[in-house]
Amino acid sequence: MSDELEKARANERHRARRLWMAAGLGGLGVAALPCAAFLWNTGWPASEPLAVMLAVVGISVVASSFAWGGRHMPNGDTIRVENAKGGYRDMIQKQRAVSMALMPITSLYLVYRGTLGAWNIANGRGDQADWSMAALSPMIPLVLLLMVAGLDNSGDKKMKRLLEDELTLSFRRSALNMALAVAMVGLLGVFALGLWRPEAAVAAMPGLMFVTSSAAGLRYWQLDRRASGG
């Protein structure tokens with residue numbers, strides 16, 4: 001049994017290294033997108049085709065990192081090793097809650113650039129970079145809401161069994177109710193803002209999506225932390 005556990009631990013270390021490498025690759029791809037937007041606006045010779053190439057490469061790298069990372073997701077060796085430590089289910093649920101709390105930080109720059117882009121577009125001054133940032137700004141809030149709703153890995157039956165017990169389902173309902181309440185209050189504010197300055201209402205939408213998804217993620221993390229006694 002000890003030999004099997006040692007082998008499982010070696011396999012798990014190998015899997016974790018590959019997964020971190022895939023995550024780093026995806027981070028480089030995401031970082032290429034704002035660099036492409038900056039390059040587009042420099043006015044340098046051939047900057048626009050180079051910016052398009054950089055954006056395409058960045059998107060391709062992100063897609064490749066997802067495909068590579070998908071091959072190194074937790075498996076039977078992971079469960080065996082974590083059960084030896086004291087419980088794989090609790091670890092996965094805690095990591096997921098923490099990631100929901102941290103994800104809003106990663107979207108701050110996109111929200112800022114998306115707000116500026118939406119403002120410029122609504123005022124008739126939008127360029128390609130503004131359209132790109134406005135289109136990208138909902139991405140992380142959307143992913144965060146999918147995580148809270150449990151729809152980000154709907155095809156992975158093993159993960160669904162680990163994540164969908166009675167307690168986590170109650171967390172999910174409470175977090176989504178929080179998001180709905182924040183969205184309704186925010187929409188009323190955006191509606192009032194639009195009556196005064198329609199372009200300001202357009203510019204406020206990335207911020208509203210950010211606040212709504214952040215409220216859901218932070219509420220889920222708060223409930224998980226309270227349940228674990230943290």
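Visitor: Which helix is Leu 19 found in?

Guide: Helix 1 covers residues 2–40, and Leu 19 is found there. Bear in mind that this is a predicted model: local features need pLDDT of at least 70, side-chain atom pairs count only at pLDDT 80 or more, and totals for chains, interfaces and linings use all residues. Residues are numbered from 1 along each chain as its sequence is written, while side-chain values use heavy atoms, with hydrogens and water left out. Helices are DSSP runs (H or I, at least four residues; strands are E, at least two) numbered from the N terminus, and the one that holds Leu 19 is helix 1.

Visitor: Is Leu 19 buried, partly exposed or exposed?

Guide: The cut-offs are these: buried is under 20% relative accessible area, exposed is over 50%, and partly exposed is in between (1.4 Å probe, protein chains only). With a relative accessible area of 26%, Leu 19 therefore counts as partly exposed.

Visitor: Which residues does Leu 19 touch, leaving out those up to four places away in sequence?

Guide: A contact here means heavy atoms within 4.5 Å. Trp 68, 49 residues along the chain from Leu 19, has its C-alpha 7.8 Å from that of Leu 19. The residues that Leu 19 touches are Gly 69, His 72 and Met 73.

Visitor: Let's zoom out. How many helices and strands does the protein have?

Guide: Reading from the N terminus on, the elements go α-α-α-α-α-α-α-α-α-α. Counted up, that's 10 helices and 0 strands.

Visitor: What percentage of the residues count as buried?

Guide: The accessible surface comes to about 13,500 Å² (Shrake-Rupley method, 1.4 Å probe), and 67% of that surface belongs to carbon and sulfur atoms. Of the 230 residues, the share that counts as buried is 35%.

Visitor: At roughly what angle do helix 5 and helix 10 cross?

Guide: Two packed helices are described by the angle between their axes and the distance between the axes. The axes are lines fitted to C-alpha atoms, for helices over the stretch in contact, with angles running from 0 to 180 degrees between N-to-C directions. For helix 5 (residues 108–122) and helix 10 (residues 198–227), the axes come within 7 Å and cross at roughly 165°.

Visitor: Are helix 5 and helix 10 roughly parallel or roughly antiparallel?

Guide: Angles under 35 degrees count as roughly parallel, over 145 as roughly antiparallel, 65 to 115 as roughly perpendicular and the rest as oblique. With the axes of helix 5 and helix 10 crossing at roughly 165°, the label for the pair is therefore roughly antiparallel.

Visitor: Is the crossing of helix 7 and helix 10 left-handed or right-handed?

Guide: The axes of helix 7 and helix 10 come within 9 Å and cross at roughly 30°, so the two are roughly parallel to each other. A crossing is left-handed if the near helix is turned anticlockwise from the far one by less than a right angle, and right-handed if clockwise. For helix 7 and helix 10, the crossing is left-handed.

Visitor: Which residues in helix 9 does helix 7 meet?

Guide: The axes of helix 7 (residues 139–149) and helix 9 (residues 166–196) come within 9 Å and cross at roughly 145°. Helix 7 brings Leu 145, Val 148 and Ala 149, and the residues in helix 9 are Arg 172, Ala 175, Leu 176 and Ala 179.

Visitor: What relative accessible area does Val 148 have?

Guide: Val 148 is found in helix 7 and touches residues including Met 100, Arg 172 and Gly 217. Val 148 is buried, with a relative accessible area of 0%.
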